[in-house]
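Biologist: Can we go through the pockets and the ligand in this one? Start with the terms, please.
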Amino acid sequence: MPATPAWPPRSLPRLYVHSPVSEGASLELDGAQANYLGNVLRLKSGAELLVFDGSSGEWLARISDPGKKRMRITVERQTRGPETIPDVWLAFAPVKRQGTDWLVEKATELGAARLIPVMTDRTVAERVKLERLNAIAIEAAEQCGRTVLPQIAEPVRLARLLEGRDPARTLYFADEAGGERAADTFVPGPALLLGGPEGGFTDEERNRILAARNSVAVSLGPRILRAETAALAALAAWMSAVGDWR
Ligand code: SAM
């Protein structure tokens, strides 16, 4: 047992709230949150929890009006300011639903600032449910201690992504056909990591990516990784080389 237990205790429930949080604010939780605190955790009036709204940091709050279907909390004080999220965007080709859900959860935990579903010629998933992906990112942020949520962009065609990209943001293209060693290639600065679909990029797409300004092909090792694994491996490698893991 550490001499002085960490504050706030990691065991406090942690919830994302859609309304702005400030000292003294009285907030109504939604039905699912009320059910979770009231029925699952069986918390009573006066019980503490942590809340965050995605921009103002993390706050200690207390249940002021418990209810099974709706619940009110009162915000007491800020426990942490909003963290600085490394400026890394992850563009990924959506795979089957379970794989995409998993990717969004893990990319949120790993610290991506922005997630961009990219539709390529061989992308299998036709549709991406943003509402669902946002809910998955919120749950992952609640669990991993983030106070700032990743932005999840509207799906975009690869050509549009390349055209609309600011060349000041370095494009790191995960290329199973070979590229620079990721760890030696990542440099500090705004980054866009791009991972391909399960079937890979077409030659035409690959040439277009390689021809883009300030883009570099990176290798993630000698093995062919699944699309979702490759996207997360690139993010982890970037975080370790130039992100906030250093
Ligand atoms: N092109 C292959 C094919 O035809 O089956 C495999 C594609 S791989 C399953 C999916 C994506 O993961 C690739 O487009 C690439 O972006 C990335 N990827 C997989 N292994 C990689 C590696 N060793 N290095 C870099 N990127 C990799």
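Modeller: Helices (H or I, at least four residues) and strands (E, at least two) are DSSP runs, numbered from the N terminus. A pocket, on a 1 Å grid over the protein atoms alone, is an open set of points where a 1.4 Å probe fits, with protein on both sides within 12 Å along at least five of seven lines; lining residues have an atom within 4 Å of a point.

Modeller: This is a predicted model: local features need pLDDT of at least 70, side-chain atom pairs count only at pLDDT 80 or more, and totals for chains, interfaces and linings use all residues. Residues are numbered from 1 along each chain as its sequence is written, and side-chain values use heavy atoms, leaving out hydrogens and water.

Biologist: Which element gives the most to the lining of the largest pocket?

Modeller: Helix H3 does, with eight residues. H3 spans 130–144, and the whole lining has 23 residues, with Arg14 and Glu139 among those nearest the centre.

Biologist: OK, and which pocket does the ligand sit in?

Modeller: The second largest pocket, where "sits in" requires more than half of the ligand's atoms within 2 Å of the pocket's grid points.

Biologist: What is 2.6 Å from a nitrogen atom of the ligand?

Modeller: A polar side-chain atom of Glu176. Gly221 has a polar backbone atom 2.8 Å from a ligand nitrogen.

Biologist: And which elements give two or more residues to the shell around the ligand?

Modeller: Strand E13 (215–219) and helix H7 (227–242).

Terms used
Polar contact = N/O pair within 3.5 Å; in protein donor to acceptor, adjacent residues only side chain to side chain.
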